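Trainee: Please take one close look at the side-chain pairings in this model. I would like a connected account, with the cut-offs spelled out.

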Amino acid sequence: MKTKTYQLLLILFTISIFISCSSDDDAPMEVNEEETITTVILSVTESGSTTTELFNWTESSQDPITLKANTNYNIKIKFLDASNPDDVDDITQEVITEKDEHFIFYQTTVSGLTFDNASDDTIDSNDIGINISTDWSTGDTTAGTLKAFLIHEPTSKTGNTRDDFGGETDIEVDFNVAIQ
């Protein structure tokens with residue numbers, strides 16, 4: 001009788017362990033690890049031209065951008081992790097792949113400088129361009145600054161200030177801009 005009771009208790013104990021261990025409540029949460037972005041490159045092509053100028057931003061240096069007055073440009077933005085110069089990682093493709101979770105917002109103090117989605121921009125599942133490729137139009141001669149924000153998980157993809165978009169800023173970069 002003792003042996004049967006002992007066996008029954010052992011079986012019940014084993015079953016309770018399996019039941020308590022099978023809960024999905026303790027499943028690890030998916031973590032979206034932030035990438036290191038050390039370099040931002042703007043590829044600037046004047047409309048009607050095949051010549052492209054590159055303007056680089058790093059933590060230690062920023063190229064000043066010079067544009068012609070009353071001119072249209074196509075701008076493509078790239079995000080790189082060049083922390084290991086022997087193994088530069090292009091983060092841009094990940095931003096494109098995760099287009100529903102990213103948005104690039106440009107903010108400027110340059111009077112007359114406007115931005116629109118380019119026809120070759122990456123479009124998210126809500127039919128909104130994420131500004132990997134943009135068309136810029138310049139006004140008269142002036143100067144100022146341009147900020148580019150890579151926003152992760154924006155709550156909105158429309159607005160006029162950075163605060164309108166919500167989400168997290170993956171990187172914010174500044175360029176000095178002169179329109180001549």
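Mentor: What follows covers the ring pairs, then the salt bridges, then one leucine.

This is a predicted model, in which local features need pLDDT of at least 70, side-chain atom pairs count only at pLDDT 80 or more, and totals for chains, interfaces and linings use all residues. Residues are numbered from 1 along each chain as its sequence is written, and side-chain values use heavy atoms, with hydrogens and water left out.

Start with the rings. Rings of Phe, Tyr and Trp (its six-membered ring) pair if their centres lie within 6.5 Å; planes under 30 degrees apart count as stacked, over 60 as edge-to-face and the rest as tilted. By this rule there are 6 aromatic pairs. One of them joins F103 and F165, and it is stacked, with 5.2 Å centre to centre and 25° between the planes. F103 sits in strand β6, while F165 sits in the loop between β9 (142-152) and β10 (168-179), so this pair ties together parts 62 residues apart in sequence. Strands here are DSSP runs (E, at least two residues), numbered from the N terminus.

Both partners are buried. Buried means under 20% relative accessible area, exposed over 50%, and partly exposed in between (1.4 Å probe, protein chains only). F103 has 5% relative accessibility. F165 has 1%. F165 also pairs with F105: the ring centres are 4.6 Å apart and the planes lie at 45°, so this pair is tilted. F105 is in strand β6 and F165 in the loop between β9 and β10, so parts 60 residues apart in sequence are tied together. F105 is buried too, at 7% relative accessibility. Ring pairs link F103, F105, F149 and F165 into a cluster.

Now the charges. Side chains of opposite charge can pair when their charged atoms come close. A salt bridge is a side-chain nitrogen of Lys or Arg within 4 Å of a carboxyl oxygen of Asp or Glu. The whole structure holds 6 salt bridges. Among them is K78 with D90, whose closest N and O atoms are 3.5 Å apart. K78 belongs to strand β4 (residues 72-81) and D90 to strand β5 (residues 89-90), so the pair ties together parts 12 residues apart in sequence. K78 is partly exposed, at 33% relative accessible area. D90 is partly exposed, at 33% relative accessibility.

K157 and D124 form another salt bridge, with closest N and O atoms 2.8 Å apart. This one links distant parts of the chain: K157 is in the loop between β9 and β10, D124 in the loop between β7 and β8 (133-137), 33 residues apart. K157 is buried, and so is D124.

E172 bridges to K147, with 3.2 Å between the closest N and O atoms. E172 is in strand β10 and K147 in strand β9, so the pair ties together parts 25 residues apart in sequence. E172 is partly exposed at 37% relative accessibility. K147 is partly exposed at 23%. K147, E172 and D174 are linked in a network of salt bridges.

Finally, the leucine. L113 lies in the loop between β6 (102-108) and β7 (114-117). L113 is buried, with a relative accessible area of 6%. Leaving out residues up to four places away in sequence, L113 touches L67, T108, W136, S137 and T138, where contact means heavy atoms within 4.5 Å.

Definitions and conventions: Helix = DSSP H or I, 4+ residues; strand = E, 2+ residues; numbered from the N terminus.
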